Amino acid sequence: MNFDDTPQEAEFRAKARAWIDANAPKQYEAELTKSGLGRISLKNADIVEVGKAWQKKKAEGGWACLTWPKEYGGRGATPIEKVIWQQEEGVYGKLTQPFQIGEGMCGPTVMAYASEDDKRNYLPKLASGENIWCQLFSEPAGGSDVAGLRTRAEKDGDDWVINGQKIWTSGAHYSDYGLLITRTDPNVPKHKGLTMFFLDMKSEGVEVKPIKQANGMQEFNEVFFTNVRIPDSQRLGAVGDGWNVSLTTLMNERMSIGARLATGFPEIFDLCSNLVTADGLAIDDSAVRSKLANWAVKASGLKYTSYRSISALSKGERPGPENSIGKLVAGPMLQDIAAFAMDLEGAAGMFTDPQEAEAGGSFQAMLLSSPSMRIAGGTDEILRNIIAERVLGLPGDIRVDKDVPFNQIPTRGRG
């Protein structure tokens, strides 16, 4: 591993730092620094609108979607230059949270499978923040099995008619477009009868219903499709090849999520350094110090494991499974840290008002949001299977439905 910038990388870093110093919305810096966990919200501003303004400014300066080709709204930068940019952008990168799905998952899929006209039409507007995209994959009956989806697409002339439901769709309530995977042939095994489309989220027959979360936020949604018509020109990939198309999205999703996950360690260390318990300062307690030491080792391991990806990118190589490992470690770690922090706070751990609670109530918010981090982008179980099968070369799970037509797989609602 090499932690030093090459001369070219150092020059790029200096340019990025100078541009950020001159253009960053510094009025939000303090608030963004404190908002280190979960979804970002601003007290006196709409994160979507502020994010759009920052994304637009970056696009105008040539700093949006860095690795995308210039004709699609990017900079044509190298992968390592993107990493350097993210390091320099720091807390301001949180402002582009509404665009992470579009930039990190939808954009690469559109770039790989859409027509040239569509790429030139849609991608620059995504890069500039003019349009926000979402990913319509999960379904109520599918769980982590994306290929178990039931949303139907039936051909009608030059259009496809869509009926069904998606759930847990992040940002659907403010998105302009979405990637939609559907079932077009129930007479073949479940992975073979899928087809991918992109659609306008304002299309007739699309209904978005936000899901109210335990922490009071509304980030996820149910999305219903009733006779929604999508032209065949908006199909991505061949009919029946939607699973292969979806792998492009899912691989980018896991890299995007895994590379940016918070661990909660800086926050818990700061809390323990300042919290006075009945026995004195929390950090002076040997049991607390033991916990902190364990988390410090994990946080350090995640940091240097991510550097392996950075080193590979710098050499023009393809990163390995490091980001899947990062997500698998960081998700449970967030949950453990939040629970421990609230135990330390005692009865005061019940407070959720940022004005009353220790650390502004961040650990209460972390406890409520952290379980989702163990689901989004692949559950712990899915990631363990991927690492076991694709990294360690262990035998795959037995799949009794592997060669069974989808409409013959027994379910509770179907004989």
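## Overall fold

Of the contacts in the chain with a separation of 6 or more, 72% are accounted for by residues 24 or more positions apart, where contact means heavy atoms within 4.5 Å. This is a predicted model, in which local features need pLDDT of at least 70 and side-chain atom pairs count only at pLDDT 80 or more, while totals for chains, interfaces and linings use all residues. Residues are numbered from 1 along each chain as its sequence is written, and side-chain values use heavy atoms, with hydrogens and water left out.

The secondary structure comes to 12 helices and 10 strands, these being DSSP runs numbered from the N terminus (helices are H or I, at least four residues; strands are E, at least two). Buried residues make up 46% of the 415 residues in the chain; buried means under 20% relative accessible area, exposed over 50%, and partly exposed in between, with a 1.4 Å probe and protein chains only.

## Aromatic pairs around W19

A search of the whole structure finds 15 aromatic pairs. Rings of Phe, Tyr and Trp (its six-membered ring) pair if their centres lie within 6.5 Å, and planes under 30 degrees apart count as stacked, over 60 as edge-to-face and the rest as tilted. The rings of W19 and W63 have centres 6.2 Å apart and planes at 40 degrees, so this pair is tilted. Because W19 lies in helix 1 (residues 7-23) and W63 in the loop between helix 3 (47-61) and helix 4 (79-89), the pair ties together parts that are 44 residues apart in sequence. W19 is buried, with a relative accessible area of 15%, and W63 counts as buried at 5%.

W19 also forms a tilted pair with W85, at 6.1 Å centre to centre and with 55 degrees between the planes. This pair links W19 in helix 1 to W85 in helix 4, 66 residues apart. Ring pairs link F12, W19, W54, W63, W85 and Y92 into a cluster.

## Charges over rings

The charged end of R75 sits over the ring of W63, 3.9 Å from its centre, and the charged end of R183 sits over the ring of F406, 3.6 Å from its centre. A charge sits over a ring if NZ of Lys or CZ of Arg is within 6 Å of the ring centre and within 35 degrees of the ring normal.
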